[in-house]
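Hi everyone, thanks for coming. Let me walk you through a structure that may be new to you; please take a look at it first.

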Amino acid sequence: MIKTGHLGRREMLALTVVASVADVSLFYPQQLVMRGASAGWMIPVFSMLVAFAVWALVAPVLVREEKQDLITLCEKSLGSFATRAICVVIALYMIADLSTFTRTFTEAVVTTVLPRSPISFIAVPFFLVCMYYAKKGIEGISRVSLVLWSWLAIGMLALLILNWNWMRPEQAMPLWGNGIGPLLSGAGLFTSVFLNILVIALFSSRMRKGSDVRAIGYWSIGIIGVTYLLVTLVFLMCFSPEAAMRSPFPLYQLGRLIYIGRFIQRLEAAFVFIWVVMAVIKVSMAVMIATYLFATVFRMPVYRPLVAAVAIIVYDLSFYPRSFVETISYNNKYIVTWGWAVTMGIPLVVTLAVRVRKRREVRGDEELDPQENAS
Amino acid sequence: MKSLTLKRTLLSLLVVALLGATFSTGCYDRVELEGMAFVVGLGLDKGPNNTIDVTVRIAVPGEMAGNNGSSSNAAQLGGSRPITVRANTIAGALTLLNSTVERQVSLLHLATILIGENVAKAGVLDYVGPLVRMREFRRTVTFFVVPGEAREIFETNQPVLEKSMSRFHESISEISRHTGLSVTSKIHEFIVESEEPNEDPVAPVMAVNEKVKEQTQQSQKDTREETMPGQNVSFKPGELVRMGGNSLDFIGTGVFRGDKLVTYLDGIETRMLLMIRGELLRTQMDFPDPQQKGKYEVIELKHARTPQTEIKLDSDPIQIKIRQKLEGDLIGVQSSIDYTEENNMRVLENSVRETLKQKEQDLMEHLYHDYQAAPFGMFRKIRSQFSTIQEMEQYPFREKLKTAQVTVDIDLNIRRIGVQLAPVGPK
């Protein structure tokens, strides 16, 4: 196990929440409205229920096997080859997710805040900062998250509340939007944003108190689900489903829409801070995780020498799509469609394997006991 | 060991300083304020062959501060003289503007869009839609529909008090909220309502009052009888009977079907519209005295509660029922009737109630039956009567409006009578 430092309860909660809600500032709410129309806000609710169900299966294993994490549990239950394969799959998913995320983030910055700057002028400093944080390790990133997350929550709430004069609750109707089918399929796919389950499972052994893992999981799933729900609902009520599905940067658009008389307006610059902070934390964490997993695969004692290499790969891949539209298309085609298999599927499979192995061991013990008695 | 730590610290500081200098001073997006030409007002008129005539007024900061009060011919409203450019698109027009304006034209401080009648009738979204995609454009700008040409407004506008264009339009919007003679609407609301399948937008109207314009050109030397001969009171945009002041009338409402202008409402109809929408603030209105012909009583009205709407979509024709609870203050009595007496007060209340009810009902039937336009904000509430979007879109909404039956029920209570009991009378 590579030494990556210890995590406190609040630090872990802050890190998992901030990293998972980072997508809310980009095009995810618009995608939710595209899928569910006026009921787009329901998709995070259904996804949250799925995430709760998955966590209810994963958490007991992590709590019971204290000071163990996804990798060590996988090694015990599925063997070393499967562990390496799983590490590579998670690392590749992180890199793919990061590539589309950083590209959409930098494109969003160019489109909305710095239109004349070359994209590399924004991407290079952004990656340098993220690399620095990734080198500092999970402990450093989680502490930054803890320091900033209350500010982010206040900022986000302010952004939503200051738009109250535009809100029309009727625009969240018809109740079922595009129908129950798209809502349920959307809910299944949208579970990929609940990155927190994977992160907690990967770093559960770093927790000072192993039994905290269960509560952190439930709280983080709840906060993430409610954040997506609130942002999508406010976005819908301010823009109407017809307009919301044409607006790719909801938080920025909501920031620009604030107009409470002559003196409270033009506040969007203050809210840009929110999505930059969330993006830095998410990218740092994901680069760190991808690097850490590659180091584990190659049995390296430390992961830090790989940080620059992984960051450069992500930087290169982020420029592979030719445009913002193509990036969204890649994201929907690969990340959204298959992300759930990594974020939910892998922790679920590994913990199920641990349960099966435990049962076999118990049965084996029971079968051994009679023989011993007989002898 | 100590010197090594010191060296590392100094080296780190140097790296931070160099990086800071690199990334903070040479920002690509740095634009000097002196290099910008901020458009504060934008007018849109239709040109020939599918072109668009874009008129702009550019802010001149020195003028906004009122430093150059004597040179009113050179610049009006803290801005440049209007400049009009013909182009295929608004973005194209803004680029062309830079061939005559010596600074970079920017929409960052755009306060108002004036939409010419020909553009409004052809469909506003074709012109304003591309603007929404532009980073500099804000959905919170105010906008007005102009009966006639938008450029004429820029040329004619001579405010009574304000010196800044943005302040001027904000003040008009604010005052309209209180008089109820015009609606207040931002372009965001217009776009959202245009896109909704069962709601239509409205827009405030700004019109040139030709009579006042003529008076202004003749230096107001004519007598009152000559300039306002035998005309009754008018609430129509561009036809207010008055002398002096700005040559523009800020009264009335443009009613759209989708994004196309279909008709105008006058000031009184606008008040009825606002009353149905539940957006009327405290507003003073004149009502004919029910007991003395030719006399008028002034009542300040406001909503006591938000209007209740009931729409029965399953009946044929559809039934629309509105219940309003209004509260009034009697603030002016022309007649000699003592309306502080309870019976007289009931008579006045009934008369006002019937007048309002009839006007509201007429207005709704007129817009529903003649134009199939739904600008009253009540049809967005029917969204909850459908379970899915597809079901809602299949509903023949416009068709049903043709025969819609409207019932208005008003509960009016005149609560206060001002600071006088019986009316003042002669000896």
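Let's begin with chain B: of its 427 residues, 38% are buried, meaning that 20 or more other C-beta atoms, placed from the backbone, lie within 10 Å of the residue's own. Please keep in mind that this is a predicted model, where local features need pLDDT of at least 70, side-chain atom pairs count only at pLDDT 80 or more, and totals for chains, interfaces and linings use all residues. Residues are numbered from 1 along each chain as its sequence is written, and chains are lettered from A and ligands numbered from 1 in the order in which they are written.

Chain B has 14 helices and 16 strands; these are DSSP runs numbered from the N terminus, with at least four residues of H or I for a helix and at least two of E for a strand.

Now find strands β14 (308-312) and β15 (319-333) of chain B, which pair in the antiparallel sense over five bridges; pairing requires at least two DSSP bridges.

Over in chain A, helix α10 (residues 250-257) has eight of its eight residues buried, so it is largely enclosed by the rest of the structure. Among them are A:Y252 and A:R256.

Finally, where do the chains meet? The contact takes 30 residues from chain A and 23 from chain B, counting residues whose C-beta atoms, placed from the backbone, lie within 7 Å. On the chain B side, α8(B) gives the largest share, four residues.

Definitions and conventions. A residue is buried if 20 or more other C-beta atoms lie within 10 Å of its own, exposed if 12 or fewer, and partly exposed in between; C-beta atoms are placed from the backbone. Two residues are in contact if their C-beta atoms, placed from the backbone, lie within 7 Å.
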